[in-house]
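Have the structure open as you read.

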Amino acid sequence: MTEGTTSAAAEGADTLSRLEQEGEIAADYLEGLLDIADLDGDIDMDVEADRASVSIISDSKSRDLQKLVGRDGEVLEALQELTRLAVHRETGDRSRLMLDIAAYRAGKRAELSELGAKAAAEVKSSGEPVRLEPMTPFERKVVHDAVKAAGLRSESEGEEPERFVVVLPA
């Protein structure tokens, strides 16, 4: 190995270690929240796409965790921000941590990927840009990735909370 390869490997290990630490801090915070709310759930930690990912899952068929998702994921978004703040308080660094509860985001990701692929197919056949409905930053990111995978480009336009994706011809 060359010196550059060694330092890149060490930097990658440092990043992985930092992201794992973020996940552990987030898991501790969320476990405390579950205890306070008297809700059952298991915490799963991972590192995906250069960010910590934490999921709260439940083996029971109870809909208790749905309370933490809220209507259209609004409570989930708020809890993600609070969890990021808890990580920031401990580490001093801004966190890009992703939180999923009861597989809400996983299902939403599949739905949005399909929406992005359909919009890309429509643009390819018509040659005209397609404007989608306003979305959260997470939702826009998933759509942008799906459009890119289809070989087209997209942009976000507008101001929050009315920011939306426009899929453009090649």
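## A serine in a strand

Let's start with Ser 154, which sits in strand S5, residues 153–157. Bear in mind that this is a predicted model. The side chain of Ser 154 makes a polar contact with the side chain of His 144, at 2.5 Å.

Who else does Ser 154 touch? Leaving out residues up to four places away in sequence, Ser 154 is in contact with His 144, Val 147, Val 165, Val 166, Val 167 and Leu 168.

## The largest pocket

The largest pocket comes in at about 630 Å³. Its lining has 24 residues, and those nearest the centre are Arg 51, Met 98, Arg 109, Phe 138 and Lys 141. Strands S1 (42–48), S2 (51–57) and S3 (98–101) each give two or more residues to that lining, and so do helices H3 (74–91), H4 (104–126) and H5 (137–149).

H3, H4 and H5 each supply at least two of its lining residues. Among them are Glu 74, Glu 77, Lys 108, Arg 105 and Phe 138. By type, this lining divides into seven charged, three nonpolar and two polar residues.

## Rings and charges

Arg 105 and Phe 138, both in the lining of the second largest pocket, also pair up: Arg 105 lies over the face of the Phe 138 ring, 4.6 Å from the ring centre. Aromatic pairs, on the other hand, number zero.

Key. Residues are numbered from 1 along each chain as its sequence is written. This is a predicted model: local features need pLDDT of at least 70, side-chain atom pairs count only at pLDDT 80 or more; totals for chains, interfaces and linings use all residues. Side-chain values use heavy atoms; hydrogens and water are left out. Rings of Phe, Tyr and Trp (its six-membered ring) pair if their centres lie within 6.5 Å; planes under 30 degrees apart count as stacked, over 60 as edge-to-face and the rest as tilted. A charge sits over a ring if NZ of Lys or CZ of Arg is within 6 Å of the ring centre and within 35 degrees of the ring normal. Helices (H or I, at least four residues) and strands (E, at least two) are DSSP runs, numbered from the N terminus. A polar contact is a pair of N or O atoms within 3.5 Å; within protein, one must be able to donate a hydrogen and the other to accept it, and residues adjacent in sequence count only if both atoms are side-chain atoms. Contact means heavy atoms within 4.5 Å. On a 1 Å grid over the protein atoms alone, a cavity is a set of points where a 1.4 Å probe fits but cannot get out, and a pocket is an open set with protein on both sides within 12 Å along at least five of seven lines; lining residues have an atom within 4 Å of a point. Grid points are joined across faces, edges and corners, and a volume is the space filled by probe spheres set on the points. Ala, Val, Leu, Ile, Met, Phe, Trp, Tyr, Cys and Pro count as nonpolar, Asp, Glu, Lys and Arg as charged, and the others, Gly among them, as polar.
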